[in-house]
Amino acid sequence: MADSPQRIDRPLSPHLQIYRPLFTMVMSIVHRITGVGLYFGTVILVWWLLAAAASPSAFESFRSVAGSPIGLIVLFGYTWALLHHALGGVRHFIWDFIHGFGPQERVLLAKVSLAASVALTVILWVVGLAVKG
């Protein structure tokens with residue numbers, strides 16, 4: 001019977017356990033997560049449009065779900081994800097013009113996009129609730 005081949009110990013590829021998470025790395029992951037969230041959140045948008053087109057009772061059903069505390073949290077999160085993802089797109093657009101690639105610039109752009117997305121979400125909701133009454 002032939003001898004079994006010996007196992008060769010090879011180095012492992014670097015993975016998340018080796019790299020310490022950088023702010024820009026986390027922001028890149030969050031950008032991808034918000035993209036997935038927007039994909040599923042668009043179902044809510046379609047439901048709203050279909051309910052508005054269908055009948056007043058269908059629209060009231062949507063309003064009762066969207067106006068519930070959980071519905072408002074989901075809509076708030078969808079608003080933030082939309083703004084955060086859009087500002088991440090602006091950051092990538094700036095990079096398309098070969099600007100902002102320095103270490104400090106990358107971190108600054110990531111921090112600005114995060115802060116601006118939170119601020120714009122809060123402003124949008126405050127204005128929307130003030131107009132609603």
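**Entry 1: a cut-off to start with.** Before reading any accessibility values I wrote down the scale: buried means under 20% relative accessible area, exposed means over 50%, and partly exposed is in between. I also noted that this is a predicted model.

**Entry 2: the salt bridge.** How many salt bridges does the count come to? I got 1 salt bridge. Glu60 pairs with Arg63, and their closest N and O atoms are 3.8 Å apart. I looked up where they sit: both are in helix H2 (residues 56–66), 3 residues apart, about one turn of the helix. Side chains of opposite charge can pair when their charged atoms come close. Arg63 has 49% relative accessibility, so I put Arg63 down as partly exposed. Glu60 has a relative accessible area of 44%, so Glu60 goes down as partly exposed too.

**Entry 3: H3 against H4.** Two packed helices are described by the angle between their axes and the distance between the axes. I looked up both for helix H3 (residues 69–96) and helix H4 (residues 103–132): the axes come within 9 Å and cross at roughly 145 degrees. The crossing of H3 past H4 is right-handed. I sorted the residues of this contact and found 17 nonpolar, 5 polar and 2 charged.

**Entry 4: H4 by itself.** I wanted to know how the span of H4 compares with what its residues should give. With 30 residues at 1.5 Å a residue, H4 should span 44 Å, and its end C-alpha atoms are 43 Å apart, which agrees. Which residues of H4 are buried? My list reads Leu109, Ala110, Ser113, Ser117, Thr121 and Trp125. Among what covers them are helix H1 (23–54) and H3. Just past the end of H4, I found Gly133 with a positive phi of about 105 degrees.

**Entry 5: a backbone angle to flag.** Most residues other than glycine have a negative phi. I flagged Ile98, where phi is positive, near 55 degrees, in a residue that isn't glycine. Ile98 belongs to the loop between H3 and H4. With a relative accessible area of 68%, Ile98 is exposed.

**Entry 6: one pair across the sequence.** I finished with Thr42, which is in helix H1. Thr42 and Tyr78 are 36 residues apart in sequence, and their C-alpha atoms are 8.9 Å apart in space. Thr42 has 33% relative accessibility, so I noted Thr42 as partly exposed.

Key: Residues numbered from 1 in each chain as written. Predicted model: local features only at pLDDT ≥ 70, side-chain atom pairs only at ≥ 80, totals over all residues. Heavy atoms only, no water. Axes fitted to C-alpha atoms, helices over the stretch in contact; angles between N-to-C directions. Helix = DSSP H or I, 4+ residues; strand = E, 2+ residues; numbered from the N terminus. Left-handed = near helix turned anticlockwise from the far one by under 90°. Nonpolar A, V, L, I, M, F, W, Y, C, P; charged D, E, K, R; others polar. Salt bridge = Lys/Arg side-chain N within 4 Å of Asp/Glu carboxyl O. Buried < 20%, exposed > 50% of the residue type's maximum accessible area, 1.4 Å probe, protein only. Expected span 1.5 Å × (residues − 1). Contact = heavy atoms within 4.5 Å.
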